[in-house]
Amino acid sequence: MDLENIQKCNSEGRNEGISITNIGEFYKEYDIRLLHHNVQSLNNKILDIVIMLATENINVDILCFTEHWLPEVQMNVLNIDDFKLASNFSRKHSKAGGSCIFIRNNIQTEQVEYLQELGKEKVFEISTIEMPDKNTILTCIYRSPDSDFYEFLPKLELLIGKLSSKGKRFSVVI
């Protein structure tokens with residue numbers, strides 16, 4: 001799917017599983033572009049993603065993937081040119097699911113350890129990074145459709161409360 005079709009789908013309100021957001025629109029002093037894709041198996045899509053990034057002139061700084069379906073050991077060796085894996089949630093007790101954040105190599109990030117305790121397989125699969133230079137925290141979350149929504153909501157509320165208390169900008173991608 002090329003950039004023109006992605007933008008057309010987004011402007012028509014259709015959800016094709018891919019969204020591109022310019023975080024800079026929310027935080028005018030920064031120009032950060034983010035691509036979110038519910039990939040439903042990153043192994044099956046990685047070549048398409050690499051080709052799209054190289055040929056479609058999609059200038060993104062952050063890649064957020066949900067349902068990557070990969071164990072942590074495979075995520076740690078996955079390579080996307082000019083990007084590094086900054087945060088990952090991989091399931092340990094069941095298959096599929098997961099969330100991860102890849103960020104351009106030239107952007108400084110830090111892990112956000114105090115939010116990892118919120119993670120729970122199928123309910124709240126959370127990946128989070130802090131970009132100190134941008135005074136911003138980014139969180140990517142996957143919730144399985146067969147999980148308990150009423151277990152998800154308190155975790156989301158707690159996440160937003162913790163992020164709000166830090167006095168930093170934050171974005172949550174679900």
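Guide: Let us begin with a definition: a residue is buried when its relative accessible area is under 20%, exposed when that area is over 50%, and partly exposed in between. Please bear in mind that this is a predicted model.

Visitor: Why is R91 called buried?

Guide: The relative accessible area of R91 is 11%. The cut-off for buried is under 20%, and R91 is therefore buried. R91 is located in the loop between strand 4 and strand 5.

Visitor: What makes the pairing of E125 and R91 a salt bridge?

Guide: A salt bridge requires a side-chain nitrogen of Lys or Arg within 4 Å of a carboxyl oxygen of Asp or Glu. Between the side chains of E125 and R91 the N to O distance is 2.5 Å, and the pair is counted as a salt bridge. It links distant parts of the chain, with E125 in strand 7 (residues 125-131) and R91 in the loop between strand 4 (83-89) and strand 5, 34 residues apart. Both E125 and R91 are buried.

Visitor: What else does R91 reach or touch?

Guide: The R91 side chain comes to 2.8 Å from the backbone oxygen of K95. Setting aside residues up to four places away in sequence, R91 also touches several others, including G97, E121, Y142 and S144.

Visitor: How do you know that S144 is buried?

Guide: S144 has a relative accessible area of 8%. Since buried means under 20%, S144 is therefore classed as buried. S144 is placed in the loop between strand 8 (136-142) and helix 5, and touches R91 and K122 when residues up to four places away in sequence are not counted.

Visitor: What makes the link between S144 and D146 a polar contact?

Guide: A polar contact needs a pair of N or O atoms within 3.5 Å. The side chains of S144 and D146 are joined at 2.4 Å, and this is a polar contact.

Visitor: Why is S94 described as partly exposed?

Guide: Its relative accessible area is 25%. S94 is found in the loop between strand 4 and strand 5. A polar contact of 3.1 Å joins its side chain to that of E121.

Visitor: How many salt bridges does the structure hold?

Guide: There are four salt bridges. One of them joins E117 and K162, whose closest N and O atoms are 2.6 Å apart. This pair also links distant parts of the chain: E117 is in the loop between strand 6 (110-111) and strand 7, and K162 is in helix 5, 45 residues apart.

Visitor: Why is Y150 called exposed?

Guide: Its relative accessible area is 67%. Exposed means over 50%, and Y150 is therefore exposed. Y150 is placed in helix 5 (residues 149-165). With F149 and L153, Y150 forms a nonpolar patch on the surface, and together they have about 330 Å² of accessible area.

Visitor: Which residues have the most contacts inside the largest nonpolar core?

Guide: They are L42, L63, F65, I80 and F102, in a core of 18 residues. Helix 3 (42-55), strand 3 (62-66) and strand 5 (99-104) each supply at least two residues of this core. Helix 3 gives the most, with five residues. Another core, of 13 residues, lies apart from this one and has I32, C64, I101 and M131 among them. In soluble globular proteins, nonpolar side chains tend to be buried together.

Note on methods:
Residues numbered from 1 in each chain as written. Predicted model: local features only at pLDDT ≥ 70, side-chain atom pairs only at ≥ 80, totals over all residues. Heavy atoms only, no water. Core = buried A, V, L, I, M, F, W, Y, C linked by side-chain atoms within 4.5 Å. Buried < 20%, exposed > 50% of the residue type's maximum accessible area, 1.4 Å probe, protein only. Helix = DSSP H or I, 4+ residues; strand = E, 2+ residues; numbered from the N terminus. Patch = residues over 30% accessible without salt bridge, like charges linked within 9 Å, V, L, I, M, F, W, Y side chains within 5 Å. Areas by Shrake-Rupley, 256 points an atom, 1.4 Å probe, with all protein chains shown as cover. Polar contact = N/O pair within 3.5 Å; in protein donor to acceptor, adjacent residues only side chain to side chain. Contact = heavy atoms within 4.5 Å.
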